[in-house]
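Okay, thanks for coming, everyone.

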Amino acid sequence: MSIMKKGNIKLATSLFSYAYEWNSGQYTLEDMIRKTRELDLGTGLEIIGFQSLRNFPHITEEQIKEVKSLMEKYDFEPVALDANIDVGIQRNKLMNVDETVEYIKPQITAAQKLGFPILRCQTTAPAEVYKKLVPFAEKANVVMGIELHTPYSVDHPSVIKMREMFEEVDSRVLGFVPDMGTCMHAIPDALLTSFKEAGVTDEMIEVTKEIWLKDIPTPQKFQQLGPTVAAMGATPPQIGRLNMAFSMNGRQPVEKWAEIIPWTVHLHGKFYGFDEHGDEKSIDYEKIFRTFIDGGYNGYIASEYEGSAFTDEFSAFDQVEKQHKLFKKILKKINAE
Amino acid sequence: MGPLDKYILREDALSSNAQGLGLRFQSHWYRALPLSCMDFNLKVNGIPVDEEKVEVEINGKRFPKQKMLELKDEWLFILDQATVHIPMQNPPKKGDICSIEFKLDLYIPYILIGPDQHPLLAGTLVTKNLLCQ
């Protein structure tokens, strides 16, 4: 008996993926978008405001025109604009709730002006901030999609508070953007290889893997790892590298996403690299696609290549292309059932 | 820190004039940050520069290094460079090679860590011999 498919997933690319290429200064925004089209990397595009647009969020009419015309020229649907919730911008003093609200408003306006229906927001602001922003976002017709990036899994205390607020306010401008780095089942090989290049030993990697697999909060993992690998001779920069395994790779079971699918407005297809068969061994994308489709999710997944944080061995364009091949293969299989 | 470090100091980053040296740097994050989220330490030919005299030029404006913490509205776009101005009595001349040790610290304002929720420190030390332009 065939199972009725309730949802549909469309493919997009986030320009975040090209950080290494972008920072080189050798590409224009148009180059990035044109290449994404030439490689057929989806029908949707995601842009990080503070990465792609000078003076963001206080953008000019010319910038708005440029972005809109590039989206049209290369036939991309604007999917999400990424805000940053910089509550620590003063370093020695965190923003209070009202200051954070005011910091986010111009970013909502930027999304509205650029024609992006979703503004990716972050868990650095508490539920109270987003609750206060609901009338402003409703007026701008921009959905605040709060990214669930590890360690913010569906049952993290801050996320529970967010979910309670969503239920209470019940507004179309509140939603979640689950990031697939939150639900991994292994530390990616590409990341482990980069550790070795930094002089980390196999023994230290084994300890890191063991601690990663423990069911304890991330801060406790940092506390356990540091002294253990230091005793094995790891230097502070090497410990910093190993900590990346805990800060980037979450262990939430994929099935847990089902709890928040009704609130899901967009997905981040985080990835680290591929094996020789084109598989991402640390993230079970087939299971992820099935979970969201069966749960009735209708929207995009945007490729987010994390390579610029740890390796320059591969071209980000090639890597995103590989992920799209994998995604297309998965969708074909699911649609054929 | 990571692959983006290679862009911090380009080969033409160092320049010399009658007042001293100028060192142009790019940030190693993936997005713009304001000067309030940055700090740096600098040695030229092994000698630490006098922090009180150093200025930072960004977006056509110059500020004392010691004011950086307050400059939350002075953004360094990720493709732009800021210039550190180092006053010197007898600066190296154009064509001289200088050994530069530049430690750039970024305090990531949206990633808070620890019980006191302080911004994540992403610091990188770049050591390079640069030709004075």
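**Chain A, then chain B**

Let's start with surface: chain A has an accessible surface of about 14,400 Å², and 52% of that belongs to carbon and sulfur atoms. Those areas come from the Shrake-Rupley method with a 1.4 Å probe, and for residues only the protein chains shown count as cover.

Before I go on, some housekeeping. This is a predicted model, where local features need pLDDT of at least 70, side-chain atom pairs count only at pLDDT 80 or more, and totals for chains, interfaces and linings use all residues. Residues are numbered from 1 along each chain as its sequence is written, chains are lettered from A and ligands numbered from 1 in the order in which they are written, and side-chain values use heavy atoms, with hydrogens and water left out.

So what's in chain A? You get 13 helices and eight strands; these are DSSP runs numbered from the N terminus, H or I of at least four residues for helices, E of at least two for strands. Chain A is as compact as a globular protein of its length, because its radius of gyration is 20 Å and the globule rule gives 20 Å for 337 residues. That radius is taken over C-alpha atoms, and the rule is 2.2 Å times the number of residues to the power 0.38. The C-alpha atoms fill a box of roughly 55 × 50 × 50 Å along the principal axes.

Of those 337 residues, 56% count as buried, meaning under 20% relative accessible area, with exposed being over 50% and partly exposed in between (1.4 Å probe, protein chains only). Now take contacts, that is, heavy atoms within 4.5 Å. Among the chain A contacts between residues at least 6 apart in sequence, 81% join residues at least 24 apart.

UniProt, in an unreviewed entry, puts "domain: Xylose isomerase-like TIM barrel" at residues 45-315 of chain A. A caution there: annotations may be inferred rather than shown by experiment, feature names are shortened, and positions are in the numbering used here. That span is 44% helix and 14% strand, and its end C-alpha atoms lie 19 Å apart.

Let's zoom in on one residue. Leu81(A) sits in strand S3, residues 77-82 of chain A. Is Leu81(A) buried or exposed? Buried, with a relative accessible area of 0%. Setting aside neighbours within four places in sequence, its contacts include Ile47(A), Phe56(A), Leu114(A) and Phe116(A).

Another spot worth a look is helix H8 of chain A, residues 189-197, where the buried residues are Ala190(A), Leu191(A), Leu192(A), Ser194(A) and Phe195(A). Their cover includes helix H9 (202-212) and helix H11 (236-248) of chain A. Just after H8(A), Gly199(A) takes a positive phi of about 90 degrees.

On to chain B. How many helices and strands does chain B have? Zero helices and eleven strands. Buried residues make up 52% of chain B, and its C-alpha box is roughly 45 × 30 × 25 Å along the principal axes.

Here UniProt, again in an unreviewed entry, places "domain: C-glycoside deglycosidase beta subunit" at residues 16-110 of chain B. That stretch is 0% helix and 52% strand, with its end C-alpha atoms 37 Å apart.
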